[in-house]
Amino acid sequence: MTSYEVELVAPGDCDVEGIDSGRSETITVDEDEYVLSAARRQGVWLPADCQQGWCTTCAAELLAGEVDQSDATRYYDVDREADMILPCTARPRSDLRLRICQMDELNDLRAANSLPPGRSR
Ligand code: FES
């Protein structure tokens with residue numbers, strides 16, 4: 001089993017149990033594990049709601065590395081091109097560096113591209 005190091009970077013306005021705002025925390029994620037569940041297992045409670053890859057609550061910016069996002073229910077090419085990911089359904093394919101708490105940014109990106117925000121069905 002391959003495992004990867006995933007650095008979670010919390011912006012100053014991001015309040016998450018397990019990471020002080022403005023700081024980062026590094027977790028270990030197995031190749032067949034989702035980033036969100038691995039973070040929770042290690043005491044970092046990333047924002048989340050649907051946990052199926054459509055609501056965007058967990059959105060993060062991929063600062064470095066590669067993920068497999070194929071299990072997300074709703075994930076667009078523009079999301080990928082902007083390096084936005086959904087950690088609830090993202091499996092690492094390399095070590096990663098993620099900026100968490102990016103739901104508003106992802107929904108702004110989708111609105112600018114006439115795509116539905118995460119909470120629409
Ligand atoms: S928790 Fe809904 S998209 Fe990740």
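**Cysteines, salt bridges and the sheet**

Student: Is Cys14 buried or exposed?

Tutor: Cys14 is buried, since its relative accessible area is 1%; buried means under 20% relative accessible area, exposed over 50%, and partly exposed in between, with a 1.4 Å probe and protein chains only. Please note that this is a predicted model, in which local features need pLDDT of at least 70 and side-chain atom pairs count only at pLDDT 80 or more, while totals for chains, interfaces and linings use all residues. Residues are numbered from 1 along each chain as its sequence is written, and side-chain values use heavy atoms, with hydrogens and water left out.

Student: How many disulfides does a search of the whole structure find?

Tutor: The search finds one disulfide, the term being a pair of cysteine sulfur atoms within 2.5 Å. Cys14 and Cys101 form this link, with an S to S distance of 1.9 Å.

Student: Where in the chain do Cys14 and Cys101 lie?

Tutor: They belong to distant parts of the chain, 87 residues apart. Cys14 is in the loop between strand E1 (3-9) and strand E2 (24-30), and Cys101 is in the loop between strand E7 (96-99) and helix H3 (103-112). Helices (H or I, at least four residues) and strands (E, at least two) are DSSP runs, numbered from the N terminus.

Student: What is the handedness of that link?

Tutor: The link of Cys14 and Cys101 is right-handed, with 40° about the S-S bond. Cys101 is partly exposed, at a relative accessible area of 24%.

Student: And Cys50 and Cys58, buried or exposed?

Tutor: Cys50 counts as buried at 16% relative accessibility, and Cys58 is buried with a relative accessible area of 7%.

Student: On to charges. How many salt bridges are there?

Tutor: The count is eight salt bridges, where a salt bridge is a side-chain nitrogen of Lys or Arg within 4 Å of a carboxyl oxygen of Asp or Glu. One of them joins Glu33 to Arg41, whose closest N and O atoms are 2.9 Å apart. Glu33 counts as buried at 14% relative accessibility, whereas Arg41 counts as exposed at 52%.

Student: Which residue does Arg93 pair with?

Tutor: Arg93 forms a salt bridge with Asp68, with 3.6 Å between the closest N and O atoms. Arg93 lies in the loop between strand E6 (91-92) and E7, and Asp68 in strand E4 (residues 67-68), so the pair ties together parts that are 25 residues apart in sequence. Arg93 is partly exposed, with a relative accessible area of 36%.

Student: What about Asp71 and Arg91, where are they?

Tutor: Asp71 is in the loop between E4 and helix H2 (77-81), and Arg91 is in strand E6, 20 residues apart. Their salt bridge has its closest N and O atoms 3.3 Å apart. Asp71 is partly exposed at 32% relative accessible area, while Arg91 counts as buried at 17%. Asp68, Asp71, Arg91 and Arg93 are linked in a network of salt bridges.

Student: Now the strands. What is the order in the five-stranded sheet?

Tutor: The sheet is open, with mixed pairing and the order E2-E1-E7-E3-E5; two strands pair if DSSP finds at least two bridges between them. E2 and strand E5 (84-85) stand at the edges with a single partner strand each, so one side of each has no neighbour in the sheet.

Student: In what sense do E3 and E7 pair?

Tutor: Strand E3 (residues 60-64) and E7 pair in the antiparallel sense over three bridges. Leu62 stands opposite Leu98 in E7.
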